[in-house]
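Biologist: I have a model open and want to learn how to read it. Where do we begin?

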Amino acid sequence: MTDTLAAPDADGSRYEADRLDATAAWVARHRPPGSGALAELGARDGALTGRLLRAGYTVHAAEPDPALRQRLLSAFGRRTRLRLSAADLAAPPPVRRRFGAVLLIEALKAGHDLELLHALRTDLLFVALAPPTLDGCLRPWLSTQQGWLLVEEIDLAAACRPAPGSRGVLLRRAG
């Protein structure tokens, strides 16, 4: 075996940092700090959450995985602009509170019931996915529903081995 663990880890770390920086900049272009709280569903360990907090956003971060949720709470639970409540973290969509935007960044997977997106309490939805998931799941759903309009699609990170890349899709509620 000629591959080492160091090179992919270094590339993966750079890839992930670039992807998260591009995602935070994308959100800021459409929803600047102070224009309403953000809900980050599937916040994982808070890597994007931290970037958004440093930029001045109020973030309601939710993570269903207990281990990742504990890391999120340990890292950010005491931050004043981060709002974490048991209800936010325990309840999957639909979210009960109205948000300036909802972020589903690398959180949707094949097999998720995308009809739940209609119940999200926002008019602006940022979705980031690997291109195969976007093409296989989200695009077909978007073509058959009438509740969300595609506003923008951008590259957030180019594909690099082993990462498949990330595409951002900004949706605005129709009507």
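Modeller: Begin with contacts that span the chain. Among contacts between residues at least 6 apart in sequence, 60% join residues at least 24 apart. Keep in mind that this is a predicted model.

Biologist: How many helices and strands does the protein have, and in what order do the elements run?

Modeller: The protein has five helices and seven strands. From the N terminus, the order is α-β-α-β-α-β-α-β-β-α-β-β. Of its 175 residues, 41% count as buried.

Biologist: How is a pair of aromatic rings described?

Modeller: By two values, the distance of the centres and the angle of the planes. This structure holds one aromatic pair. The ring centres of Trp26 and Phe126 are 4.9 Å apart, and their planes stand at 90 degrees, so the pair is edge-to-face. Trp26 belongs to helix H1 and Phe126 to strand E5, so the pair ties together parts 100 residues apart in sequence.

Biologist: Are Trp26 and Phe126 buried or exposed?

Modeller: Both Trp26 and Phe126 are buried.

Biologist: Now a pocket. What lines the second largest pocket?

Modeller: Look at its space, then at its lining. The second largest pocket holds about 430 Å³. Its lining has 23 residues, and Glu16, Arg19, Arg44, Ile105 and Glu106 lie nearest the centre. By class, the lining divides into 12 nonpolar, four polar and seven charged residues.

Biologist: Which element gives the most to that lining?

Modeller: H1 does, with four residues. Helix H1 (6-30), helix H2 (47-54) and strand E5 (124-129) each supply at least two residues.

Biologist: Which residues of H2 are buried, and what follows the helix?

Modeller: Leu48, Thr49, Gly50, Leu52 and Leu53 are buried in H2. For any α-helix, remember that there are 3.6 residues a turn, so residues three or four places apart point the same way. After H2 comes Gly56, with a positive phi near 105 degrees.

Biologist: Why does Arg167 count as buried?

Modeller: Its relative accessibility is 18%, and the cut-off for buried is under 20%, so Arg167 counts as buried. Arg167 lies in strand E7 (residues 166-173).

Biologist: What does the side chain of Arg167 make a polar contact with?

Modeller: With the side chain of Glu153, at 2.8 Å. Beyond neighbours within four places in sequence, Arg167 is in contact with several residues, including Val127, Ala128, Leu129, Ile154 and Asp155.

Biologist: One last residue. Where is Cys160 placed?

Modeller: Cys160 is in the loop between strand E6 (148-157) and E7. Cys160 is partly exposed, with a relative accessible area of 28%. Compare sequence with space here. Cys160 and Tyr15 are 145 residues apart along the chain, yet their C-alpha atoms are separated by 7.8 Å.

Definitions and conventions
Residues are numbered from 1 along each chain as its sequence is written. This is a predicted model: local features need pLDDT of at least 70, side-chain atom pairs count only at pLDDT 80 or more; totals for chains, interfaces and linings use all residues. Side-chain values use heavy atoms; hydrogens and water are left out. On a 1 Å grid over the protein atoms alone, a cavity is a set of points where a 1.4 Å probe fits but cannot get out, and a pocket is an open set with protein on both sides within 12 Å along at least five of seven lines; lining residues have an atom within 4 Å of a point. Grid points are joined across faces, edges and corners, and a volume is the space filled by probe spheres set on the points. Ala, Val, Leu, Ile, Met, Phe, Trp, Tyr, Cys and Pro count as nonpolar, Asp, Glu, Lys and Arg as charged, and the others, Gly among them, as polar. Buried means under 20% relative accessible area, exposed over 50%, partly exposed in between (1.4 Å probe, protein chains only). A polar contact is a pair of N or O atoms within 3.5 Å; within protein, one must be able to donate a hydrogen and the other to accept it, and residues adjacent in sequence count only if both atoms are side-chain atoms. Contact means heavy atoms within 4.5 Å. Rings of Phe, Tyr and Trp (its six-membered ring) pair if their centres lie within 6.5 Å; planes under 30 degrees apart count as stacked, over 60 as edge-to-face and the rest as tilted.
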